[in-house]
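Please read the points below alongside the model.

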Amino acid sequence: MIPLGTIRAVGLEVGVTGYELFLKENMQGKRLEVPGWDFHYNRWKNSFQAEPYLHRTSGEFMFVGLKEKDSKNQIVWDLHLQLTSGPDTGLRQYYLGKNSYFGTQMQNFLLGVGRREHLFSPKSFSTQFDAGDGLFVELKPKQGLTLQFFVWDLHSGSLLLSKDQFRSLLSRERTLEEEEANGLPIDKKETKQSRNHRRRQSFGLVYGDSVSLRLGFQYLELGSLGPYTKDHPNETKRYLADGDSLFHGNGGFSLHTDILSFDFDLLWCRGNDRTRSRLAATPGSIPIAGEAFQFGLELRFGGFRLRSSHFISDREEKNEKQQIVKEGFISLGTHPSQTPYLSQIFRIFPSSAVTELGYEKNFAILEGRSFGYLTELAVSYTYNQFVCKLIGNYFIPYTHTGPTNGRIAFQKREFERFFIAEGMLEVSIREEIGFELGIGVSQLFLPESIGIRSNFGYVFGRLQI
């Protein structure tokens, strides 16, 4: 009854990655102290300060993937699912790719269920990504115009394996050391997969080819997702949440030629954070009204590719009493940069963010969600199957103390006196048949007054059948 001869086999991919992380404390002189910031000086206890390394951890993980894109009659599918070697490696058991959905297509109409990439997302950073996980409709009413409607989206932070594979190295090592040295229980909060209810609706359009315009709108009900959604006991008891919501938008354009690409995006958000915190200038809630913009320029000549990307947001507005008058910009999607420390190991976002754990704002060197300026410079060279990449990232946050007007600022006095930077080199060999083998090293750069030195290395391989 099943015509086996017409069923195509699903493509398979197998990958393995090994890594080693060194993190050393080298204090000379007085430690840097910044009011409101947490540099985790007490994170690894005084007993480690006499050791050559605070952390020297190594490990590996594997994944097996299913990948296929095809259609049969009016049924289409674009599948990408990666199964990992499990929670013991600090990873989730599975990850979806940028697209992983089934649908039905009729001429210029597509109705699908699963994960679908937001085509209208900002493009200034080459690895920045957002997607909907649920039910979507896609229309192409005319040449060059695409409309996307995400009718129901179980917002999950749009996690990708490539953006999550090194994230738990420091946090997982810390809890194991604490358990062994102090008999403390492992903190499950950092690795727990939240199943709290939340939903997002999105609409976006993309128009053009070499010169293209994009526009997107998203409405997110945070539900009970995140630490700030249960601040009102009465509403929480009745509805499991206090009704926090966010309206997010972006608009931008891209210019593409044979040798040059330019991307620009303006982003904004409006919403309400219901809270009983004394930090709120208005009792009962804090309005959300933030803006940011980002742009990227890429040049291509021969086998060389040079890309410079920039992001800057506004910040929270505070009065003389240090009370919050309004919250600043809140980002959606994955971390914009592609280097391992900023995007995964330390995972410092350049603004507040809604991640897989909900709405987060945190002024810290680990898992930070702080307003500021982020830039990335990426240089790559490709010769036949040989690829070499050199990438640098630099982040500097706004000052956190004193009254602020909440606007985007460019003056030096508006920023903190410390920075977080990273340099990465990666060399790989790639074959068209789906084979890839490479090695990468990364170095963290912090002010000497913070007293932390760290470097990271990894090897990886992937084979697609």
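Which element gives the largest share of the nonpolar patch? The answer is β13, with three residues.

1. Basis. This is a predicted model, in which local features need pLDDT of at least 70 and side-chain atom pairs count only at pLDDT 80 or more, while totals for chains, interfaces and linings use all residues. Residues are numbered from 1 along each chain as its sequence is written, and side-chain values use heavy atoms, with hydrogens and water left out.

2. The nonpolar patch. Leu-297, Leu-299, Phe-301, Phe-304, Leu-306, Leu-377, Val-379, Leu-390, Leu-425 and Val-441 make a nonpolar surface patch of about 810 Å². Two or more residues come from each of β13, β14 (304-313) and β20 (372-383). (Patches are made of residues with over 30% relative accessible area and no salt bridge; like charges are joined within 9 Å, and nonpolar side chains, namely Val, Leu, Ile, Met, Phe, Trp and Tyr, within 5 Å. Accessible areas come from the Shrake-Rupley method with a 1.4 Å probe, and for residues only the protein chains shown count as cover. Strands are DSSP runs of E, at least two residues, numbered from the N terminus.)

3. Leu-299. This residue lies in strand β13. Leu-299 counts as partly exposed, at 32% relative accessibility. (Buried means under 20% relative accessible area, exposed over 50%, and partly exposed in between, with a 1.4 Å probe and protein chains only.)

4. Salt bridges overall. The whole structure holds 29 salt bridges. (The term means a side-chain nitrogen of Lys or Arg within 4 Å of a carboxyl oxygen of Asp or Glu.)

5. A pair between strands. Glu-291 and Arg-270 form a salt bridge, with 2.8 Å between the closest N and O atoms. Glu-291 is in strand β13 (residues 284-301) and Arg-270 in strand β12 (residues 260-275), so the pair ties together parts 21 residues apart in sequence. Both partners are partly exposed: Glu-291 has a relative accessible area of 28%, and Arg-270 has 37%.

6. A buried pair. Arg-347 meets Glu-356 in a salt bridge at 3.1 Å, N to O. Arg-347 and Glu-356 are buried.

7. Arg-369 pairs with Glu-367 in a salt bridge, the closest N and O atoms being 2.7 Å apart. Arg-369 is buried, at 0% relative accessibility, whereas Glu-367 is partly exposed, at 25%. Through salt bridges that share partners, Asp-164, Arg-167, Arg-347, Glu-356, Glu-360, Glu-367 and Arg-369 belong to one network.

Conventions:
Helix = DSSP H or I, 4+ residues; strand = E, 2+ residues; numbered from the N terminus.
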